[in-house]
Amino acid sequence: MATNDPVFGAGGLGAGQNALGGDNYLSHGHGLKSWLLTLDHKRIGVMYLVSILASFFLGGIFALLIRTKLLTPGSSALMDANTYNQMFTLHGAVMIFLFIIPGIPAALGNFVLPLMLGAKDVAFPRLNLASYYMWVAGALLALLSIATGAVDTGWTFYTPYSTTTNASVITMVAGVFVLGFSSIFTGLNFVVSIHKLRPEGMSWFRMPLFLWGLYGTAIIQIMATPVLGITLLLLIAERALGVGIFDPSLGGDPILFQHFFWFYSHPAVYIMILPAMGVISELVSVFSRKHIFGYTFIALSSIAIAVISFLVWGHHMFVAGQSNLASMIFSALTFMVAIPSAVKVFNWVATMYKGSIWLATPMLYVLSFLFLFGIGGLTGLFLGALAVDVHLHDTYFVVAHFHYVMFGGTVIAFLGGLHYWWPKMFGRMYSELWGRVGALLVFVGFNTTFFTQFVMGSHGAPRRSYHYLPEFQTYHQLSTIGSYLLGMGFLVIAVNLVHALFRGRPAPANPWGGATLEWRTSSPPPHDNFAATPVAGDPYDVEAWAFDRQLGGFVPRAGGSGS
Amino acid sequence: MTNSKGESVAEAHGGHLAHHFDTAEQQFESGKLGMWIFLATEILLFGGLFCAYAVYRSSHPEIFLYAHRYLDKTLGAINTAVLICSSFTMAWAVRCAQLGRRKALVRLLAATIALAGCFLGIKYVEYEHKWKEGLLWGKRFHAKLEQPAAPVVASPVPTPSVNPEERSLIAPAAEGPKGLAKPGQRPLWETGTGGPPKNLQTFFAVYFTMTGLHGIHVIAGMVLLTLMLLRARRGEFGPAYFTPVDLAGLYWHLVDLVWIYLFPLLYLIR
Amino acid sequence: MAETTHAEARASDHPTVGHVVPFRVLATVWLALLALTVVTVEVAGVDIGNFNLGVAMAIATVKATLVLLYFMHMRYDRPMNAIVFVAALLFVALFVSIALLDTRAYKPDLIPGYAPGITR
């Protein structure tokens, strides 16, 4: 291997493969200040990761409390109806604004994007740190709201209830406003990085698909989030100053609030899923040991999803009082937005066809994703049909649908990406056995929890309801058992990953045989990412890498260029 | 670390080049692109308010027509001219920064800030007048409205066209104060005798949110430009490095752009 | 642009990156903007029915274009900057037009005569 690549160069196998105990970004600079004031995208990514996982845990606690209450249909000693309203509101708000919107871009994207570009950092490192601190500020405001009376409006904050309810709406809404800016600035940073920091030889269509996914996400973050910003500002003005823009008694229009709210919140769900799809594109190629199928279609579909996502927001308002004309237009457009997603799924499956499937933990998450996102996406089409939506709106069917896409889609892909990049980020391999056990528990627990909700919803069980009819009790109990299984699965995953940090086998530079640039530097990477800027090649040329038993990882195939 | 041209990155461009950029041009263009993306987000922020304006003016043009007469067109026009001049001094300041003319840069930045202050001063005068007259938004509206010289004609109540044969068999609800209005009765929000339309506060809600958000952006701009002024006085800007002034200028021009649309939409309604 | 050292750049008064707009251009645009403001006010004094709004918006757009192209250098910059800005305008147009379409369609159904601006 006559390359002057220090990781895979003539210095011998193993030289520079694992940097634990040597100079890496984790050991570069010590003390709290070196972390809190860091400009290193890798450290910022790790801080985000810890923060959003903590938020996921908090949101999960709310979920388990809700599910525990729902074991019985009537009043419960666990919580009263008002508290229940606060529980589902907070579960939604925390999960959406603190966990899943920042989610993959902040925790994984921040770490991986510059590495995939062969760059030393994102375009604006100080803005990156500022984005993180804005997240923290938003989170603190949200926690303050929880501590001072919480919110019981549902995460959607519909007027006129949200403008008149006696709850800490302003604090929560202010928190979400600040979080919105965190999201906008992350998107801004990624767009400029992708435009300006690509290396020689990496044209747009030689870029990894994860970056296409992040780019599409960033378009939405930039264009949609400000509308949420103005919506929340108007909501605060309405509550604090009585502006009257959404109050019918003052000549205002509550439906206008919904237009404003959903113009952001529908594209927001694509902020959630596009990065996840990007992760899957990376994993499916590596773990099928085969070049991705249909690169151009997958890349362009990310942009198509980003654009079309702006055209469908009214499908949340079919029964809200929206005119028939607008409802019909939105219904037709909703059917259109499924097409680019389907294009991706077909290309991923085609990638697996005649590949050499390696059922490592990340691949189990890929398979879960295909199944769960397939169901979630298809049920979205049911809801997009006007006549059907009249019956299914505000039932558990909707709840099941969005959990299948957000949880079964984004969270599963997030877990897959986490398990894929964990060795790179921390230089340690985790136990494959327990990784697979965790993946299995999550899959079984998830379906138990949420498939029952599809059935329940199709029988008319309303959502957001403290009391429910006794005929639904068995469904609810089954769903709750599923949620406990889910909790156990996450416990297994958490213990496995944390244990790996201390006791895991030191990871080689390329444990999985990926062909993207982050695998060309040590695990964990040095502070400056690369000793010398790597030359970009085909990001899916996985067949150019061969497994080395002695190393326990992949090295460039002899005779090949390794690029 | 060496850049793609093989030279030490730190040497290129006397220390203004950040470690993660290869060339000054790459850094400059990245900064510009980043700023334009931020301006795009500001467009969308104000866009929501333009949407509210469109929706309410479309369904209640009589409110907008009547209420906008309380705005002073002259002050509005003067403010427009003030902002245009401040945009001119800002663009000129950027030019001076690019050419290394430090004194002129400082003076022009100061002029821009002064004109912005002038804008806010005139806005204060306008707001004070509205406050005194009670011409405020939503719940705070308590103006004493004068009777217009010519009566405002309320539009007639359209009778729904229902085919008598298809009339429902369900008995209609009772008429009365808590039930249906009597057929042909004027809706409550119309004053049958003419006079100012109801819900004038809707116009002022839109007016104050739009000009208020714009005003906040003017204040933020003044803070930003003051920071630029202080840095310019220290001689930090010149042909080698003027990006912050350029980017601050872009922001300032956006503030002007928004007002260019606000002025006719709020002050010049027919 | 070729890289010059800091010292060289200071010696010349030409920036190493970016384009300098000639003063003549800036001053012309400034005067044009002021003139167009006067025109806007004058036209608003004349009643041309439904076209008043259209004309006012058209003049505002001309002014905005001048500011964008010359004061904000869009004429001399990379096209991507313009694409970003125009994209934002398109999204606003999308939002306003559909919200307006929907409002105009359902407002008359609410209560007869409630929205006098919308005639069916």
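This is a predicted model: local features need pLDDT of at least 70, side-chain atom pairs count only at pLDDT 80 or more; totals for chains, interfaces and linings use all residues.
User: Hello! Which helices do the buried residues of helix 10 of chain A pack against?

Analyst: Residues are numbered from 1 along each chain as its sequence is written, chains are lettered from A and ligands numbered from 1 in the order in which they are written, and side-chain values use heavy atoms, with hydrogens and water left out. Helices here are DSSP runs (H or I, at least four residues; strands are E, at least two), numbered from the N terminus, and buried means under 20% relative accessible area, exposed over 50%, partly exposed in between (1.4 Å probe, protein chains only). The buried residues of helix 10, including Tyr295(A) and Ile308(A), pack through contacts (heavy atoms within 4.5 Å) against helix 8 (209–241), helix 9 (254–286) and helix 11 (324–352) of chain A.

User: Is Lys42(A) buried or exposed, and which side chain does its own side chain make a polar contact with?

Analyst: Lys42(A) lies in helix 2 (residues 41–69) of chain A, and its relative accessible area is 0%, so Lys42(A) is buried. A polar contact is a pair of N or O atoms within 3.5 Å; within protein, one must be able to donate a hydrogen and the other to accept it, and residues adjacent in sequence count only if both atoms are side-chain atoms. At 2.6 Å, the partner of the Lys42(A) side chain is that of Asn529(A).

User: Which residue forms a salt bridge with Lys107(C)?

Analyst: A salt bridge is a side-chain nitrogen of Lys or Arg within 4 Å of a carboxyl oxygen of Asp or Glu. The rule finds one across the interface of chain C and chain A, where the contact takes 17 residues from chain C and 23 residues from chain A. With its closest N and O atoms 3.4 Å apart, the partner of Lys107(C) is Asp253(A).

User: How much area do chain B and chain C bury between them?

Analyst: Buried area is the accessible area (1.4 Å probe) that two parts lose on being put together, summed over both. This contact takes 65 residues from chain B and 68 residues from chain C, and 73% of the buried area is on carbon and sulfur atoms. The total for chain B and chain C is about 5,700 Å².
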